[in-house]
Amino acid sequence: MIIFGTKGYLYQLAILTLVCGRCGNPAAHTLRKRVTKFTLFFVPLFPVSTSYATQCTFCGAEQRLTKEQAEQLTAQAAGGAGQAYGQPHQQPYQH
Ligand SMILES: [Zn+2]
């Protein structure tokens with residue numbers, strides 16, 4: 001018997017101050033990467049899909065980004081804040 005499925009991972013790449021498109025506040029936004037991995041016998045093997053989004057910490061509005069936009073924002077955050085975000089850590093989804 002073969003057991004397979006998918007498992008979702010959420011990584012926080014950076015925290016950015018952006019003007020929110022919904023509430024209009026220059027609030028902190030988290031930049032997140034969602035990776036869905038194919039699993040075989042509960043062992044994650046390879047990613048099947050990756051998506052990026054920013055979420056406003058003020059109103060919670062989420063906006064989808066392309067990979068290019070996400071990379072650009074990550075580079076901006078790393079350069080602007082003088083901190084390296086090269087090691088994304090896994091975080092539980094919070095509301
Ligand atoms: Zn907002």
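Donors are N, O and S atoms within 2.8 Å of the metal. In this predicted model, the donors of the zinc ion follow the spacing C-x2-C-x32-C-x2-C along the chain.

**Zinc site**
- The zinc ion has as its protein donors the SG atoms of Cys20, Cys23, Cys56 and Cys59, at 2.3 to 2.4 Å.
- The angles among the four donor atoms are 105 to 112°, and the site is tetrahedral.
- Cys56 has a relative accessible area of 2% and is therefore buried, the cut-off being under 20%.
- Cys59, at 25% relative accessibility, counts as partly exposed.

**Strand pairing**
- β1 and β2 run antiparallel and are joined by 15 bridges; within this pair, Ala14 stands opposite Leu31 of β2.
- Six residues separate β1 from β2 in their hairpin, and Gly24 in the turn has a positive phi of about 80°.
- β2 also runs antiparallel to β3 (residues 43–56), with 12 bridges between them.
- The zinc donor Cys56 is the bridge partner, in β3, of His29.
- The hairpin of β2 and β3 has two residues between the strands, and Phe41 there takes a positive phi near 55°.

**Nonpolar core**
- The largest nonpolar core has 12 residues, among them Tyr9, Leu13, Ala14, Leu31, Tyr52, Leu65 and Ala70.
- At least two residues of this core come from each of β1 (4–19), β2 (26–40) and α1 (67–81), and β1 gives the most, with five.
- Beyond its neighbours within four places in sequence, Tyr52 is in contact with residues including Leu13, Arg32, Gln63, Leu65 and Ala70.

How values were computed
Residues are numbered from 1 along each chain as its sequence is written. This is a predicted model: local features need pLDDT of at least 70, side-chain atom pairs count only at pLDDT 80 or more; totals for chains, interfaces and linings use all residues. Side-chain values use heavy atoms; hydrogens and water are left out. Donors are N, O and S atoms within 2.8 Å of the metal (3.2 Å for Na, K and Ca); water is not among the atoms, so sites may look incomplete. Four donors count as tetrahedral if all angles lie between 85 and 135 degrees; four count as square planar and six as octahedral if opposite donors are over 155 degrees apart and all others between 65 and 115; anything else is irregular. Buried means under 20% relative accessible area, exposed over 50%, partly exposed in between (1.4 Å probe, protein chains only). A nonpolar core is a set of buried Ala, Val, Leu, Ile, Met, Phe, Trp, Tyr and Cys residues joined through side-chain atoms within 4.5 Å. Helices (H or I, at least four residues) and strands (E, at least two) are DSSP runs, numbered from the N terminus. Contact means heavy atoms within 4.5 Å. Two strands pair if DSSP finds at least two bridges between them.
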